Amino acid sequence: MKLLFTLLLVVAGGGFCAAQDVYFSAMKDELARTHKKLQLKDSVRPYFTSYVLTQSSGLRAQAAWGELEIAATAAQNEPLRTAVVNMIVGNAKENSNNFQAERALGMLYAYAPTTVYFPAGNYAGIREGFWRATDEEYRQALEMFSQKEAYKRKKRLKETGRDFAPAKAARFIGPADTAELDKPEDMNRLARELSALGKKYAYLDVARARVSGQRLNYWYMDNHGGAWRLGHTVRSIYLTAQLRNKAGYRQRFETEFNYVDTPFPPQAELLEKADQWFAAINGVYPARKAEPYLGPVLLSPQAAAGFIRSLLVPEISNTTALLSDSDGGTAGKFKDKLGQRVFAPGFTITDRPLLSSYKDTALLGYFPVDMEGVAAQDITLVKNGKLTDLPFSRSLPAARKASNGHARMTENKRPRAGITNLFITPEQAFTPDEMKQKLIARCKALDLEYGYRLETMAGPGAMRLTRIYVKDGREEPVYGMAPRNLTTRALRDILAAGTDETTFQKFGLEAHSVTVPSLLVDEMELWAGDEQPDRAPYVAKPQ
């Protein structure tokens, strides 16, 4: 992959550098027509226009208790295509970018590009889809430009020229994914066999399995010369289990196993993994009602990923605030904290868009070129707990000179700075047993009878957590708790990290990954809810 990157990532100039397909041909021709002909009388012209074409297709089978609820069929595999258009009107210094316009009555427009769904995948169909999206996007861009100019006059803002900073355009043409998905009959059989495992466990009220395979391809092109193409196949196992515990409290749990650009592992391995999970959920049955808690908490890798995504990721993203009369915190809080300690000492945090795989796992956050056509850069965000850098798009604060290629966009959000492949790396790591002993030792020092290990970050009805007693290390499931009053302070209160780092991925236009170990947090508040158990069934569950 590094060789491919070297060959195909080039600074724009001259002709298109890689073999074009029908998607690129149609996008290129419609872009050229847009910038040649699109202008209303006495209105500003388009300055920058980016086109993103997304094409997804896939199969899905779902079963409960060994019987199909949704059968995978060949008809499911019809491609779904979208045209996503982001347009900036004006010029390099005065343009519509980075402004959140308002509707009448002071209601904010969603800061979203124009998205159109279209069925035809041929040249004419693609152009028609982008033509419709471009027409509507131009109308919105003109309105944003007009309101932005009025806003600047009202606020007496001096022009900074940083709302869309200049950048060299880059291109990366990876292969479109054409991998064959699993046969529908194989997916149906796997879903039945996975869900049938629930029959072994007496306390489960629901045991469901969804098996899916999805082929995802993306094409990007802008009128400044940027272009890229990426494709992935994602196979997933999604399990759901529900039970009514001994106290009568109903709980619902879920988990997901993703396999990127690789076939499913052998069925025996999948069945064993699913069986272990169903067994763990069944073991929640004797859970004790929780009480409010304030103290050390050990986060499993899955819970740690949720912890990082909820506390750290929003604060290092969107590093330039949108201009708006109704600014409600449109930028991450760490944008002004460079050089300050934002994380526990002994940790390095990096974001690596140029890394295509890690420990034999393909990474969905691999984006050599970003959503503004800029070559992406690997960056070190945190070193020894101090914030050293941030992801940036072409919307920049005055002190920043250039984008580092971290513009991310979805159908619901115009390009803004965000993460790709985030790594939380400790200087020293400890085995799972050592992490448990550290939790016990810290609780003992605080004169606490027990501490907690969180398996997931969720609401009270879906939270899996285990009470660990200081006296003898005994473990006991509890229910009805969830974290409360979590702030970024908790990021600085991490005491230790495990050797069990795990990668968690999100797919879609804003695909990313988070690789994180288990984390011991010195102090967290766990809130015990007031929900009362439901009435027990008049007749016991059928066996």
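Me: Leaving aside its neighbours within four places in sequence, which residues is Ile308 in contact with?

Reply: Contact here means heavy atoms within 4.5 Å. On that basis Ile308 is in contact with Val313, Phe343, Leu422, Ile424, Leu491, Val514, Val516 and Leu519, once neighbours within four places in sequence are left aside. The model is predicted, so local features need pLDDT of at least 70 and side-chain atom pairs count only at pLDDT 80 or more, while totals for chains, interfaces and linings use all residues. Residues are numbered from 1 along each chain as its sequence is written, and side-chain values use heavy atoms, with hydrogens and water left out.

Me: In the largest nonpolar core, which residues touch the most other members?

Reply: In soluble globular proteins, nonpolar side chains tend to be buried together. A nonpolar core is a set of buried Ala, Val, Leu, Ile, Met, Phe, Trp, Tyr and Cys residues joined through side-chain atoms within 4.5 Å; buried means under 20% relative accessible area, exposed over 50%, partly exposed in between (1.4 Å probe, protein chains only). The largest core has 59 residues, and Phe307, Ile308, Leu312, Phe343 and Leu422 touch the most other members. Helix H6 (residues 301–311) gives the largest share, six residues. Helices (H or I, at least four residues) and strands (E, at least two) are DSSP runs numbered from the N terminus. A second, separate core has 32 residues, including Ile237, Ala241, Tyr259 and Ala274.

Me: Where does Leu491 lie, and is Leu491 buried or exposed?

Reply: Leu491 is in the loop between strand S23 (481–484) and strand S24 (494–497). Leu491 counts as buried because its relative accessibility is 0%. Not counting residues up to four places away in sequence, Leu491 touches Phe307, Ile308, Leu311, Leu312, Phe334, Val342, Phe343 and Ala344. Leu491 and Gly385 are 106 residues apart in sequence, with 9.3 Å from C-alpha to C-alpha.

Me: What volume does the largest pocket have, and which of its lining residues are the closest to its centre?

Reply: Rolling a probe the size of a water molecule over the atoms shows where empty space is left. On a 1 Å grid over the protein atoms alone, a cavity is a set of points where a 1.4 Å probe fits but cannot get out, and a pocket is an open set with protein on both sides within 12 Å along at least five of seven lines; lining residues have an atom within 4 Å of a point. Grid points are joined across faces, edges and corners, and a volume is the space filled by probe spheres set on the points. The largest pocket has a volume of about 1400 Å³. Of its 39 lining residues, Thr255, Glu256, Phe257, Gln302 and Phe504 are the closest to the centre. Strand S9 gives the most to this lining, with eight residues.

Me: How many cavities of 30 Å³ or more does a search of the whole structure find?

Reply: The search finds three cavities of 30 Å³ or more.

Me: What is the strand order in the open sheet of six strands?

Reply: Two strands pair if DSSP finds at least two bridges between them. The order is S16-S15-S12-S19-S26-S25, with mixed pairing. Strand S16 (386–387) and S25 are the edge strands, each pairing on one side only. Strand S12 (residues 347–351) and strand S15 (residues 379–383) run antiparallel and are joined by four bridges; Thr350 stands opposite Thr380 in S15.
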